[in-house]
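Subject: Structure handover

Hi,

Here is the structure I promised to pass on. Please open it first, then read my notes below.

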Amino acid sequence: MDRISESKQDLVRNPSEFAETTVIRFQKRIARKLQLLALISILLLISAVVDISIGPGNFSLATIFEVLLDKAAHGVKLEVIIWDYRMPVAITAVIVGAMLGVAGALMQTLLNNPLAEPFTLGVSSAASFGAALAIVTGIGLVPNVGSFLVTLNAFFFALGTCVLLLGLMRYKHIGTQSIVLFGIAIFFAFNAMLAMMEYSASETQLQRIIFWMMGSLGRASWMQIGWGLALLVVVLPFCMSRTWRLTALRLGEESAMSMGVDISRLRVEILICISLLAATAVAFVGAIGFVGLVGPHIARLLVGEDQRYFIPLSALLGALMLSLTSIVSKTLTPGIIYPIGIITALIGVPVFLTIIIKHSKERGV
Amino acid sequence: MSLSVTNLSVNYGAHNVLEQLQFKSLTAGTVTGLLGPNAAGKSTLFKAIAGLVDSSGEISLNAENIGSYSKKIRAKKIAYLPQSFHSSLALSVFESILLSLKQQSGWRVSSTDLNKVGDILSLLNISSLADKDIFELSGGQKQLVAMARILIVEPQVILLDEPTSALDLHHQLAILSLVKKLTVERNLITVAALHDVNLAAKYCDQLMILNHGTIQAQGKPSEVLSQSLLGETYQVWTNLECTSKGQLYVEAELIEDRLATAG
């Protein structure tokens, strides 16, 4: 009798216990994701320090740390090298990488397309054209800005392209796939105009354009870092506050709408964020491809589609990727610093292909 | 609790999908089957009620015009399960259900939220799927997860757009049996678009036939299902029989095949 009543009680109790273990398993998965974020953050910190420690001047790691803690520890020369040259480059790599990572992640989510990123959607090409226009003709969208003409032109051309995409998105009958195709058309259109600029440029101007197009951290400055940080501090929390809605969007527009998500508003809000991030990043360092593509792709494989973890991890991986690329660009050939855009493509393509092939095999798609 | 629709019209450009559609009030605790040929406007009717497409006319829940609700409140009261369900997402079953719940509450995930998800998984007997990604699930499992996603927000009305499509016979019966049980237990107003007339007759308390943008008939299956109406709606020859259990059974055949056999 007791045994029978016991087993009946078990049957009654089991569902809630099962629910509890399900919850515990979920919490463990979340803990693992947080550990992963912490691990990538640590790797990023190490990478940034290594980036600062590497350069033509051979200084020991201890010396670098001493100068980092106390500017004047080893005299003015080292202070200038570490604080004015190396640190802006290393920190800009981290900030711009994070910007490109987040911009790519948001674009992929918004357009429901894993190939969407500032580079593939023509934002970088527009910026390159804007820069070339300023270099060759001196024509700028903002007058009387002196040495900032090229950067601001690149920024506003990139921003203009994003606004164009936004306008298209607002137009009801245009689907996300059409917007991706439109982005690709922009990419080719600006590349053609860029080629025209190059054709009519002088030798010096051509050198500047090519250097700009290849992407470089050589123009890094503390002022850029300030602007970039300020932007990230505003944009990241804003996007994070919309992560539940963004994840819902990944289930498809209809599903998201049926959950009560105002997708028109969400699209506008997020595209403004993307515009600011992509335009600023490209204006700072030039056209850098693959970071906005590979960073989010790896993040998705590691933490899935939950945007609460996907967006910050995309930022961290984008930052880590650009920081590591900065190191490689300095160490590949001693004495030569390669443009960072070349290295991101050189490393990015094989890494990206390996991931895709491995992932396709696992999923059987 | 009741849901009613008066003079509902929906246009896609110049094409009128629903024209001055109306139906008698649907009451809580009942399952209504929505029947009609392809492109009759079944999905559009659901989308209009859920607020996913622009419409004119009046949709009332408990005598209150739901046009005044915000998108969020409307989604909380009226849950819509679309036909398509994205299957390639790297999102676990637990996450996808939690996602649905979090559209209605704050950003932070509380232990109450997690327990709610755990409970709904237990209720639908799919706790073992919790850690699996959606793309790993079979069609039947996906439908159960989709049901969990809409039930977790505790809606008053559930609109199921072809919930049994792409399911084998066992899963079709299992899903509809579950829908019927939950409708009664949770006092829901359930409307399900179905293609199988026999399943509709078996599991629905009443049926609505939608064709040419309007409701052609509404009532108990025995009142609605007739040879002439089904023949006109689906352009087929039908024969209706009553089984020993009092269940209506519809046998259908293409008119041209029937004529060829007869001739």
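Start with helix 7 of chain A, where A:Ile209, A:Trp212 and A:Met213 are buried. A residue counts as buried if 20 or more other C-beta atoms lie within 10 Å of its own, as exposed if 12 or fewer do, and as partly exposed in between, with C-beta atoms placed from the backbone. Seen down the axis of helix 7 of chain A, the buried residues fall within an arc of 95°, so they line one face of the helix. That arc is taken from the directions from the helix axis to the C-beta atoms.

Two notes on reading the model. It is predicted, so local features need pLDDT of at least 70 and side-chain atom pairs count only at pLDDT 80 or more, while totals for chains, interfaces and linings use all residues. Residues are numbered from 1 along each chain as its sequence is written, and chains are lettered from A and ligands numbered from 1 in the order in which they are written.

More on helix 7 of chain A. A:Glu203, A:Thr204 and A:Gln207 are exposed on its other side. Its buried residues pack against helix 4 (123-137) and helix 6 (176-200) of chain A. Contact here means C-beta atoms, placed from the backbone, within 7 Å. Helix 7 covers residues 203-214 of chain A, twelve residues in total. From first C-alpha to last it reaches 17 Å, close to the 16 Å expected at 1.5 Å a residue. The expected span is 1.5 Å times one less than the number of residues. Just after the helix, A:Gly215 takes a positive phi of about 75°.

Now chain A as a whole. It has 14 helices and zero strands. Both are DSSP runs numbered from the N terminus: helices are H or I with at least four residues, strands are E with at least two. The C-alpha trace of chain A spans about 95 × 60 × 35 Å along its principal axes. Of its 365 residues, 44% are buried. Take the contacts in chain A between residues at least 6 apart in sequence: 77% join residues at least 24 apart.

Next, the cores. A nonpolar core is a set of buried Ala, Val, Leu, Ile, Met, Phe, Trp, Tyr and Cys residues joined through C-beta atoms within 7 Å. The largest has 92 residues, and A:Ala127 and A:Ala158 have the most contacts inside it. Helix 3 (residues 75-111) of chain A gives the largest share, 18 residues. A:Ala127 touches A:Ala154, A:Phe157 and A:Val282, among others, not counting residues up to four places away in sequence. A second, separate core of 89 residues includes B:Phe23, B:Ile150, B:Ile158 and B:Val179.

Then the interface. Here 32 residues of chain B are in contact with 29 residues of chain A. On the chain B side, helix 2 (71-77), helix 3 (93-102) and helix 4 (111-123) each supply at least two residues. Helix 4 of chain B gives the most, with six.

Last, chain B itself. It is divided into domain 1 (2-220) and domain 2 (226-263). These bounds come from an automatic or database domain assignment. The C-alpha centres of the two domains lie 29 Å apart. Ten residues of domain 1 are in contact with eight of domain 2. Helix 7 of chain B gives the most to the domain 1 side, with four residues.

Best wishes

Technical notes:
Contact = placed C-beta atoms within 7 Å.
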